[in-house]
Amino acid sequence: MPATSDVCVIIAAKNASATIGRAVASALAEPETTEIVVLDDGSTDTTAAAAEAADDGSGRLKIIRFSENQGPAAARNHAIAHSRASLLAVLDADDFFLPGRFQRLFRETDWDFIADNIVFVDEAGAAQASRAVPRFQSQARLLDLKGFIEGNISQRGKQRGEIGFLKPVMRRSFLDAHGLRYQDSLRLGEDYDLYARALARGARYKIVHGCGYGAVVRHDSLSGSHRTDDLKRLFEADRAMLADPTFPADAAALIHRHERHIRGRYELRHFLDLKKARGPGAALGYMMARPGAIPAIVGGILADKTERFRPRQATAPADAGTPAFRYLLPAIPEPDQQ
């Protein structure tokens, strides 16, 4: 990877005036960043002005505004179309890069997508992450489609930490060669869908366990408040992959597994929505008319009812003044950090 690699950082933002400045500043601080495209996706606050206030005057920041919200996939596609850099890096509007992220990533070669570890922090921890997150060993490895799909099927009772959360740098040339972009209709799992289609077409997706991306955990985040219809669109995206005659046959079983997982979540959510809106009779009628959905609905309800009785994993209290960092991938500190 040449030292002169040019990166466009894409930030889709809606009502992110409180955090967009930090995101923009962290991207501008990376010498490899030649462009930043902020797509203000129908905000009703001062997101665009806050992004502009973080500009360093280098001419790298571009701000585009949608008058109406179109969703993260459409926003990112529009940003890609209005960028020129050979490498594309997605940054969420309330997240940030740790210093030196691109330099560490680009030590690796032979990849089409490359991602590093994510540190999950609260707002207080975000202020300390740049100096408090230790350096980890790279432990570079290639991610195949099987590992990716399995890493995106969440398990009840375990901390959320799907592989699909990773934020890879992507080669524009690979996306263009295979006609790949985000699916505009998806508002949940748009990253998963793009990466799965890329891996099915032979993308070399490399992961390093060193940490360069900070994700701020919020109780009101969009990822934690998706709509029932968003789940429906996601399993329909799996079905679209399976219906594609160019999709590798040996990957079909993997996608089927993910489709069943998401469809089960949808059936449970739709059942509960019906019960709330139209009463138990309507919900039971829906379930009985779809025998295939019964296991997911009944299993989900039972699991929710028994959740309170499950033992919870004890966590050691943090030292006073020490932020609570959690990492998506297991990591080993570099020798001088131990």
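Q: Hi! Which residues in helix 5 are buried?
A: Gly125, Ala126 and Ala129 are the buried ones in helix 5, which spans residues 123-132. Buried means under 20% relative accessible area, exposed over 50%, and partly exposed in between, with a 1.4 Å probe and protein chains only. Helices (H or I, at least four residues) and strands (E, at least two) are DSSP runs, numbered from the N terminus.

Q: And how do the buried residues sit around the axis of helix 5?
A: They fall within an arc of 105° seen down the axis, so they line one face of helix 5. That arc is taken from the directions from the helix axis to the C-beta atoms.

Q: What's on the face turned away from the buried side?
A: That face of helix 5 carries the exposed residues Ala124, Ala127 and Arg131.

Q: What covers the buried residues?
A: The cover includes helix 1 (20-28), strand 5 (96-97), strand 6 (113-121) and strand 9 (205-216). Contact here means heavy atoms within 4.5 Å.

Q: Before I go on, what kind of model is this?
A: This is a predicted model, where local features need pLDDT of at least 70 and side-chain atom pairs count only at pLDDT 80 or more, while totals for chains, interfaces and linings use all residues. Residues are numbered from 1 along each chain as its sequence is written, and side-chain values use heavy atoms, with hydrogens and water left out.

Q: How does the chain cross from strand 2 to strand 3?
A: The chain goes through helix 2 (residues 47-53), in a right-handed β-α-β crossover. Right-handed means that, with the strands pointing away from the viewer, the path from the first strand over the helix to the second runs clockwise.

Q: On to charges: how many salt bridges are there?
A: The count comes to 21, taking a salt bridge as a side-chain nitrogen of Lys or Arg within 4 Å of a carboxyl oxygen of Asp or Glu.

Q: Which residue does Lys206 meet in a salt bridge?
A: Glu108, at 3.6 Å, N to O. The pair links distant parts of the chain, with Lys206 in strand 9 and Glu108 in the loop between helix 4 (101-105) and strand 6, 98 residues apart.

Q: Are Lys206 and Glu108 buried or exposed?
A: Both Lys206 and Glu108 are buried.

Q: Which residues are linked in a network of salt bridges?
A: Arg76, Asp92, Lys167, Glu190 and Asp191.
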